[in-house]
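Please keep the structure in view while reading.

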Amino acid sequence: MKFLHSSSHRRLMRGVMLLACIAMPLLPEAKGVEKVSGKPWQAVYLAGVAPFPRNVNVQVTIDAESLRLAPRKTDSFAVPVNSITLVSTNVKGSHPASRAEWRFLEGFMSYAAGCYPPQGCGAVVMFTSFLMLASYPMKSHDYLVSVSWREGTADEEVLFRVGPKDYATLLAELEKATGKKWKNMDTEWAKVHQEITSQQGSKISIQLDRKVRVGKFDLKPGAYQAVLLEREAQRGELYFFPGEQVNIEHLTTATWVEIAPAAADAASAPVTFREKDGTTTLDEIHMPSLTVRFP
Amino acid sequence: MKRQIELGIVIAVALLSRALPAQEAQVDGSPRYRLLQVVELSTVQEKVNEIAAEGYRLVGAVPAPGGTWATIMEKVEAPSKPCKYLLLARKGERDFQGQINEAASQGFRLLPRNLAQGRTQPPQFDVAWMEKPAVPPAATQYLLIPFGAKMAAKASLNPALWAETNPLHYIRPQINAALQQGYKIERIVSGAVVVMEKSSGGVGEGGGSTSQASDPDPLSRYHTLGNYRAGRLRKRLQQEALGGYHLLDFAPYAPKMWTAAVLEKDGSDPSASNAVKYQYTAFASNLPKLEKDLNSHAAAGFRLFPQSLLGAFQPQARPDKPPRCRVVMEKAPEVLGQCQYRVLAAARLSDLSADLEKAAGEGFRALGIVSFDHSLAVVLEKSGMENRK
């Protein structure tokens with residue numbers, strides 16, 4: 001007891017503290033030996049920049065600082081969560097996806113999505129359920145998670161597969177760690193499906209006399225029905241259906257649009273076009289109550 | 001009290017030293033190179049266009065370790081005039097030529113050095129990068145002439161070709177017809193396809209040479225070399241150069257007995273004393289000694305023929321030896337001075353960020369990326385002494 005309060009003990013303790021403070025940052029892979037908190041998820045590493053073989057079993061852990069992939073026999077690989085720019089998911093074979101669903105995803109989950117000017121690109125984390133596989137029943141259920149991040153001048157990605165039970169909890173934890181909101185396009189599509197059905201009464205009938213590109217798809221000349229879903233002030237989503245009816249399964253394309261007051265010149269053409277780089281796109285659709293402008 | 005201050009300083013220094021590495025990545029907000037190593041091809045195109053919008057142009061793209069695609073982009077232009085990129089991937093037996101020409105009609109042009117960088121060995125023509133520069137190029141059309149196993153099987157039924165040793169001559173009628181229409185050979189993906197390009201200034205459209213249009217056999221202007229070892233390749237290239245030919249394309253992954261090099265005849269008479277003559281050297285190398293080999297030949301005035309060092313080099317039969325590559329270097333008559341080369345290699349492209357910026361500061365420019373089994377290498381060239389006549 002006497003020793004604990006002796007001056008030699010105090011000197012020893014002070015020396016140990018000093019050494020620890022100096023040595024801590026010099027230790028190689030100091031970050032790698034930090035204790036990882038949080039529940040581990042079992043996954044199979046499929047591809048990416050992690051320094052271990054593909055198709056190896058890994059444990060995935062997420063804490064406030066990093067998403068970590070840890071195989072059994074080699075060092076773990078960490079992705080700083082604050083550098084994550086995109087998380088996308090690909091649910092293979094959970095249920096057959098329709099062509100319309102694919103068009104919806106292409107319309108809003110392309111590079112334009114999340115980067116539409118009023119929204120801002122930022123570092124939005126998006127979760128995409130790409131259910132665009134062939135529309136026949138599949139037995140396997142692969143829940144693929146792709147994580148992209150940017151460190152310095154480099155953009156990198158890892159892809160891994162998790163089990164169906166772990167899928168939702170892992171994504172929820174990832175959202176919590178990144179502090180960024182995400183959209184599950186699977187449920188979004190179900191909501192949009194309902195909205196379009198309820199808005200069919202206010203459909204816009206248009207006649208195209210030439211081939212035009214809307215979003216990623218070309219619309220052939222002919223009659224179309226467009227359904228506008230207003231999302232916020234002066235902005236909405238416009239859905240195109242061929243023919244005279246709104247048939248949700250025949251969705252041709254979907255795109256963001258600006259909503260402006262009706263044009264003063266009521267006699268102007270109902271649809272105006274613009275040419276850019278040899279491609280014709282829609283410029284405006286004029287209606288009695290409002291004008292729809294294409295970005 | 002004094003001890004507490006000392007302790008505080010030590011802790012502060014310790015904490016600061018941990019924070020420093022995070023700050024060294026960028027000196028200013030606009031690095032010279034942007035790097036990309038991602039899994040999905042669709043993501044590659046999306047990211048490449050995002051980066052291009054910031055004023056970068058694609059330098060190279062290759063399949064990389066870990067099932068990824070590695071891409072390097074260089075800042076060259078003002079962000080107000082970005083390039084656009086299109087990555088076409090062949091899916092099944094769809095009309096790939098039609099897809100390419102449709103994009104070309106919208107102002108895109110094939111980036112010939114980044115063709116055929118697929119994962120298969122030898123690479124098939126399954127991936128094509130197209131670029132739409134800020135200033136739209138002249139209208140361009142492309143022609144893809146099959147140059148693979150099916151073509152060879154078909155040719156084998158023709159007795160007139162039984163004695164023919166040059167596989168390019170199996171498709172002589174198609175190539176001659178294209179050359180007469182003003183197309184030129186752009187790239188040979190040996191064992192897959194010959195890519196030909198015609199711009200609006202071609203034959204019959206108000207520009208270019210009309211000699212090919214009147215020549216009944218314009219393919220005779222082209223010579224080919226097989227997939228030889230480095231020593232034999234060097235000798236044959238030198239012989240061809242003395243005969244007035246220069247290297248047009250080189251396919252490093254050509255299958256055995258298949259065309260690896262295409263040479264085109266110069267306009268001048270090779271027997272004339274003032275005839276333009278190229279010189280060539282070829283050597284085998286591997287990643288650890290590549291920089292040294294390149295610089296030793298560069299000291300003699302040679303310059304890397306970039307097509308010879310593109311794509312992915314697979315491990316050879318002996319796993320204890322690093323993958324080897326054949327490098328072709330060229331000494332063009334109108335170029336004086338010597339180049340310097342630097343080869344930066346790492347398992348992850350992001351590990352090269354700092355070295356690339358440092359090399360850029362020293363005047364080096366990236367020529368492209370090469371994938372060596374488990375490593376990625378960026379080849380940089382410095383041509384400060386270059387003085388074109």
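1. Helices (H or I, at least four residues) and strands (E, at least two) are DSSP runs, numbered from the N terminus. Just after α5(B), Gly182(B) adopts a positive phi of about 100 degrees.

2. This is a predicted model, in which local features need pLDDT of at least 70, side-chain atom pairs count only at pLDDT 80 or more, and totals for chains, interfaces and linings use all residues. Residues are numbered from 1 along each chain as its sequence is written, and side-chain values use heavy atoms, with hydrogens and water left out.

3. Helix α5 (residues 172-180) of chain B has as its buried residues Ile175(B), Asn176(B), Ala178(B) and Leu179(B). Buried means under 20% relative accessible area, exposed over 50%, and partly exposed in between (1.4 Å probe, protein chains only). Seen down the axis of α5(B), these buried residues fall within an arc of 165 degrees, so they line one face of the helix; the arc is that of the directions from the helix axis to the C-beta atoms.

4. In chain B, an open sheet of three strands has the order β10-β12-β11, with antiparallel pairing. Two strands pair if DSSP finds at least two bridges between them. β10 (222-226) and β11 (245-250) of chain B stand at the edges with a single partner strand each, so one side of each is left without a neighbour in the sheet.

5. Five bridges join β10(B) to β12 (residues 259-265) of chain B. Thr224(B) has Val262(B) as its bridge partner in β12(B).

6. Cys83(B) is buried at 2% relative accessibility, and Cys325(B) is buried at 3%.

Methods. Chains are lettered from A and ligands numbered from 1 in the order in which they are written.
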